[in-house]
Amino acid sequence: MRPTQSPFPATRLRRTRQSPAIRALTRQTTLSVDDFIWPVFVRAGEGIEEPIPSMPGVFRRSVDKIVEAAREAADLGIPAICIFPYTGIEERTEDCAGAWDPENHANRAIRAIKAAVPEIAVMTDVALDTYNINGHDGFVENGEIVNDRTVEALVKMTLAQADAGADIIGPSDMMDGRVGAMRAALEAAGHQNVMILSYAAKYASAFYGPFRDAVGASGALTGDKKTYQMDPGNSDEALRLIERDLSEGADMVMVKPGLAYLDICRRVKDSFGAPTYAYQVSGEFSMIQAAAEHGWIDGEKVMMESLMAFKRAGCDGILTYFAPAAARVLNGSR
Ligand code: PBG
């Protein structure tokens, strides 16, 4: 005998999708301007806003223009900006001394933003690649990227950034032991309140291609970064790295790249509950921009959907080149 069946579905899940009001009421995840950190590129000169061909809509700006951009970001409600220097080949050396020069473009930009736009938090990038003749994040000796000597240089770079007024230090180099060394040096120098957002789970990714153009590293890089950045096949290792960096004093942690690594974001958030960020990197950005320019996708909708995905995966925020554009959509001021 067959059990008697109701002629109706027991549960109509479509009921809670029936109108904008009900969808708003039942939506689990929301995206807000508070979620964004905006990465920007600073270069030498004055009055310069130079488009980056491989990143449509993104510019390299001189310090004065970076300050204007920071003002605009703060007015849109974006809480943080992240400074990356563009360095020409003539500014790169084997000893990477430019990295801890208080007068390098990044440090001048930090000081100028903190003076003119004090309400926006300023994040930095700590790695040697933008000052290194060979484009690597660490010193190269006999073809090997050496760890401990690099960490000493990263500490000097960190202190120069903190002295310039940085709020959040962002080590993106993937050397072992750098977070602990940086934390100790910051404390000893009286920078107790300067935070560390560690690029803890950073993969050796082909999605960084356009960024390396943006910072002038494409021509410079010899070989790849696989001996220090993570293998894309690994997941448990990301948890070990996050645990290690948190134990060394990281205040916040990052997964990078973003969309292809949302499973890692979710594991990290569920395992540690620490403030967790994803970096929607240059290649992810440029793929969306390129497809939108061809009219193959609706660029604005895909932008918002991709950003929402990071929140749904457990991230507290996103580093994204879309920050101002997405903020305009969220503010309803397109
Ligand atoms: C390097 C660094 C990279 C990015 C941020 N910091 C590139 C790399 O590791 O080669 C990539 C960001 C992006 O692709 O948007 N220190």
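This is a predicted model: local features need pLDDT of at least 70, side-chain atom pairs count only at pLDDT 80 or more; totals for chains, interfaces and linings use all residues.

Residues are numbered from 1 along each chain as its sequence is written.

The chain holds eleven helices and twelve strands, taken as DSSP runs (H or I of at least four residues for helices, E of at least two for strands) and numbered from the N terminus. Of its 334 residues, 46% are buried, which requires 20 or more other C-beta atoms, placed from the backbone, within 10 Å of the residue's own. Among contacts with a separation of 6 or more, 74% join residues 24 or more positions apart, a contact being two such C-beta atoms within 7 Å.

Helix H10 covers residues 299-312, and its buried residues are Gly 299, Met 303, Ser 306, Leu 307 and Phe 310. Seen down the axis of H10, these fall within an arc of 95°, so they line one face of the helix; the arc is that of the directions from the helix axis to the C-beta atoms. They pack against helices H8, H9 and H11 and strands E11 and E12. Just after H10, Gly 314 has a positive phi of about 110°.

Around the ligand, the shell includes Asp 125, Asp 129, Asp 137, Arg 212 and Lys 225, where near means a C-beta atom within 6 Å, placed from the backbone.

Note on methods: A residue is buried if 20 or more other C-beta atoms lie within 10 Å of its own, exposed if 12 or fewer, and partly exposed in between; C-beta atoms are placed from the backbone. The expected span of a helix is 1.5 Å times one less than its number of residues.
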